[in-house]
Amino acid sequence: MKNTLISPKKWLLSLPGIIGAFMLGAFGVTSAWAAPSGLAGTALFEQNPFLYQGTIPLGMGGAFTAVADDENAVFYNPAGLDNIQTSSFKLINITADMTYPDFLNMYNSFKSDTNLSGTAQTAAFINTFNTYAGQSLYARVGDYSNYTTHDFSIGLLTNNQVMASANPVVTTNNLASIATLSDTGVVVSGAYGFMDHHLQIGGTLMGLEQYFLDIPELSAAQASSSGSSILTKNMTNGFGLDANLGAIYHFDLPLNPTIGATIQNIGSADFGAGGNIPEIINAGVGLDPDIGFGRLLFDIDYDDVGNYLYYTGDSLWLHTHMGIQYQFPEILTLSAGMYQGYPTVGVGVDLWAVEVNATYYTEEAGVVPGQSPDHIISLQVAFGWM
């Protein structure tokens, strides 16, 4: 059989159509959905719509779609696995995020309040939540132990998130809304490069058991009851498959520009009684210039092209993520960026068997930047062969 080759020029000319079809095909599904319900209708999902966020990408303002080059590519753009040239095996890869110090302070106060009883306890609950009236507080802890190499990654994911939004006007029957999400399962991802790796395509498949807890109006009576009672009445769970598809294109131009696009939660991930997670489309533009000493990356992303997440309002900044990262030849990585209009900063240290990354970023819990900022510290600690 005779092989028919397509010239790079023709590939380049057809690329906008490929990327356009890639994005618009999913957009047709996204824009047809009705009002959000279940998990998608909670502040937890609106503010933190991703199953897993990496500390390193967060340091770049959450912008990673066009320059993904480590195990985080699995969740941001699996096509980026084709950029990886070495192998790593992270036996333990723990990440933790927290609105600091407010979340910890609120938790300690709440725990102290539960030791009281009667009207004194109710008054203490109201006082505690009044301190954070109208404010959203977030915490997450997870582990993504994985083996990642060129064009392939497999790992075990455990990710637990919680958000408490104190009622703007705290009452006995409505102290706050609380939503939690817990995911556990296997993640497999692969990629392949075409046209001498100018065009990269990748996909991720996740089999997850998901637990979802939603308490839209936490009363003082609920707060004083046993935790098992609240879980029994409000917890749902189910097993489901979730998939991501991504593409990256590298141009032979100065500064090595790239463009990327991803479809996350293809077809809307369904977890049965646990609810579903809607499809999201992200697009990005990046630079990977050859600077001769270390590596410099720049990326700007427009998340949620279908405008699904920010259904309570629309702001260009809420969709926009941008960042820059400099990887020194050894050990140290520095990053900075803008996440939904707020600055981010990150630092990473890689000591071969131990890797530590820390990032400060801000999530917007409102519908416009500045309305309800949630300042968060993210920490990642990994042990293995890297």
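User: What is the accessible surface of the protein chain, and what share belongs to carbon and sulfur atoms?

Analyst: This is a predicted model, in which local features need pLDDT of at least 70, side-chain atom pairs count only at pLDDT 80 or more, and totals for chains, interfaces and linings use all residues. Residues are numbered from 1 along each chain as its sequence is written, and side-chain values use heavy atoms, with hydrogens and water left out. Accessible areas come from the Shrake-Rupley method with a 1.4 Å probe, and for residues only the protein chains shown count as cover. The surface comes to about 16,600 Å², and the share of carbon and sulfur atoms is 65%.

User: How many helices and strands does the protein chain have?

Analyst: Both are DSSP runs numbered from the N terminus: helices are H or I with at least four residues, strands are E with at least two. Counted in this way, the protein chain has nine helices and 16 strands.

User: What percentage of the 386 residues count as buried?

Analyst: Buried means under 20% relative accessible area, exposed over 50%, and partly exposed in between, with a 1.4 Å probe and protein chains only. For the 386 residues of the protein chain, the buried share is 50%.

User: Which residues touch the most other members of the largest nonpolar core?

Analyst: A nonpolar core is a set of buried Ala, Val, Leu, Ile, Met, Phe, Trp, Tyr and Cys residues joined through side-chain atoms within 4.5 Å. The largest one has 38 residues. Elements giving two or more residues to this core include helix 2 (43-47), helix 4 (73-76) and strand 3 (152-171). The members that touch the most others are Leu-39, Leu-44, Phe-45, Phe-75, Tyr-144, Leu-157 and Ile-277.

User: Are helix 5 and helix 6 roughly parallel or roughly antiparallel to each other?

Analyst: Axes are lines fitted to C-alpha atoms, for helices over the stretch in contact (heavy atoms within 4.5 Å), and angles run from 0 to 180 degrees between N-to-C directions. The axes of helix 5 (residues 102-113) and helix 6 (residues 118-131) come within 9 Å and cross at roughly 175°. Angles under 35 degrees count as roughly parallel, over 145 as roughly antiparallel, 65 to 115 as roughly perpendicular and the rest as oblique. The two helices are therefore roughly antiparallel.

User: Thr-86 and Thr-149 are 63 residues apart in sequence; what is their C-alpha to C-alpha distance?

Analyst: Thr-86 sits in the loop between helix 4 and strand 1 (88-99). Thr-86 is exposed because its relative accessibility is 58%. Beyond its neighbours within four places in sequence, Thr-86 is in contact with Thr-148, Thr-149 and His-150. From Thr-86 to Thr-149 the C-alpha distance is 5.8 Å.

User: Is Ser-335 buried or exposed?

Analyst: Ser-335 belongs to strand 13 (residues 332-339). Neighbours within four places in sequence aside, its contacts include Gly-59, Met-60 and Val-345. With a relative accessible area of 11%, Ser-335 is buried.

User: Which peptide bond is cis, with omega near 0°?

Analyst: The proline concerned, Pro-101, is found in the loop between strand 1 and helix 5. The cis bond runs from Tyr-100 to Pro-101.

User: What is the phi of Met-195, which is not a glycine?

Analyst: Met-195 is placed in the loop between strand 4 and strand 5. At 22% relative accessibility, Met-195 counts as partly exposed. Its phi is positive, at about 50°.
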